[in-house]
Number of protein chains: 2
Amino acid sequence: MQEGTISIPGHRKVTPSPHETRRGDVYAANCPTRQLLDRIADKWSALILLLLSAEDMRFNALKRRIEGISQKMLSQTLRSLERDGLVTRAVEPTVPVTVTYAITPLGCGLIGAMRAMIEWAESCMIEVTAAQRAYDLHHHADQG
Amino acid sequence: MQEGTISIPGHRKVTPSPHETRRGDVYAANCPTRQLLDRIADKWSALILLLLSAEDMRFNALKRRIEGISQKMLSQTLRSLERDGLVTRAVEPTVPVTVTYAITPLGCGLIGAMRAMIEWAESCMIEVTAAQRAYDLHHHADQG
DNA sequence: CCATACAGGTTTCCAATGGATACCAAGTGC
DNA sequence: GCACTTGGTATCCATTGGAAACCTGTATGG
C-alpha cells in the first residue's frame with residue numbers, strides 16, 4: 001500500500017487517492033487542503049520555512065537558530081517538507097558531509113501566505129496577552 | 001506564579017513576563033510572536049476560527065461540522081481561543097444549556113491572514129501531491 | 001594508537017499529548 | 001424510571017515530542 005502508509009513517527013505519508021478527496025470542504029478529514037494544512041500547522045515547519053526563505057542553511061545552522069528544536073524534530077520536519085516539495089536537500093560529499101537545505105518556489109509561495117500571519121501575530125500580541133490576563137483573572141487564575 | 005503555569009493538558013497557560021520576552025526574533029523560544037504562533041498552529045484552531053468567521057455556532061454544531069475532532073479537543077481548543085480573546089463563549093440558561101461561540105474582531109483579523117494560506121493550499125495541492133509521489137518513488141516508497 | 005571533535009543524523013527512553021469512550025448534570029418526554 | 005438532549009469532564013491507552021545516547025566517517029592532537 002503506497003498511499004496512507006506511515007513512514008516516520010509524527011509525519012505520516014498521507015497522500016489521498018484522487019477518488020477519496022473531497023474538494024472544497026476543508027472540514028472533511030480527507031480534503032486535501034485540510035491534510036496539507038494539518039501537515040504545515042505544527043510547531044516547527046513555519047519556522048524552518050521562514051529561515052530558509054531568507055537563505056539556504058545547513059542542518060546544524062537551523063538547529064542553532066531555532067531555539068528549542070530537537071535534532072529528531074528538525075530531521076523529521078525537514079524530511080516532511082522535502083517530501084512535500086517545499087524544501088530541497090543537497091548533500092555535498094565534503095568531510096564531514098555537508099547538507100544544505102533550500103526553499104523551493106513552492107515553499108516560497110507558502111511563506112508569502114504565512115507572512116500575513118506573522119505580521120498579524122506581531123501586531124496583535126499585546127491585545128492577545130491582555131485578553132489572556134483578563135481571562136486568567138476572571139477565572140481566578142489558579143486552575144493549573 | 002501566575003505566569004507560565006499549566007492549566008489544561010495540551011494548552012498551556014503561557015503568558016511570558018514582559019522582561020522575559022525577546023521582541024523581533026521569532027526563533028527565540030520566549031518571543032511572544034512565536035508563542036502565539038505555536039498556539040494557533042495546531043490541527044484544530046484554524047478550522048474552528050474559520051467556521052466561526054462565517055457564523056456563530058454552538059458546541060455540537062462545531063463538533064458535527066469538523067470531521068474527526070473529539071469532544072476533548074474541541075473543548076480544549078475553544079477554551080484556549082477564548083483565553084486568547086479570539087472567540088467568545090455565551091451561555092444561555094435554557095434547558096438543556098445552550099452555549100454559543102462567536103469570533104471576536106481580534107479573531108477576524110487572524111482569519112483574514114489565514115485565508116491566504118488556505119488559498120495557497122488549495123491552489124498548490126496538486127503540486128504538493130506530485131512532489132510527494134516523486135519523493136515516495138525515489139525513496140522506493142516502502143519505508144513505513 | 002587512542003581520544004576528541006565535527007556534521008548530520010538515528011535510536012532509545014520517557015513524559016506529554018490526543019483520541020475513544022464513559023460518565024456527569026439538569027431537565028423533558030414517555 | 002428510562003431514555004434522550006446539550007455541553008462538557010474523567011479515564012484509559014496509543015501516539016507524539018523532547019532529551020540524550022549512539023552511529024558513521026574523517027581529520028586533528030597528543
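This is a predicted model: local features need pLDDT of at least 70, side-chain atom pairs count only at pLDDT 80 or more; totals for chains, interfaces and linings use all residues.
Let me start with how the two chains relate.

Next, the contact between the chains. How many residues of chain A are in contact with chain B? There are 53, and they touch 53 residues of chain B. Four elements of chain A give two or more residues each to this side: α1 (32-40), α2 (45-54), α4 (71-83) and α5 (105-138). Which of them gives the largest share? That is α5(A), with 21 residues.

Sorted by class, the side of chain A that touches chain B has 28 nonpolar, 12 polar and 13 charged residues.

Why can we say that the copies meet through the same surface? Because 100% of the interface residues of chain A are also interface residues in chain B.

Last, a piece of sheet in chain B. Strand β2, residues 87-92, pairs with strand β3, residues 98-103, and the sense is antiparallel, over 6 bridges. The two strands, β2(B) and β3(B), form a hairpin, with 5 residues between them. To find your place in the pairing, look for Arg89(B), which stands opposite Tyr101(B) in β3(B). As background, side chains in a regular strand alternate between the two faces of the sheet.

How values were computed:
Residues are numbered from 1 along each chain as its sequence is written. Chains are lettered from A and ligands numbered from 1 in the order in which they are written. Two residues are in contact if their C-beta atoms, placed from the backbone, lie within 7 Å. Two strands pair if DSSP finds at least two bridges between them. Ala, Val, Leu, Ile, Met, Phe, Trp, Tyr, Cys and Pro count as nonpolar, Asp, Glu, Lys and Arg as charged, and the others, Gly among them, as polar.
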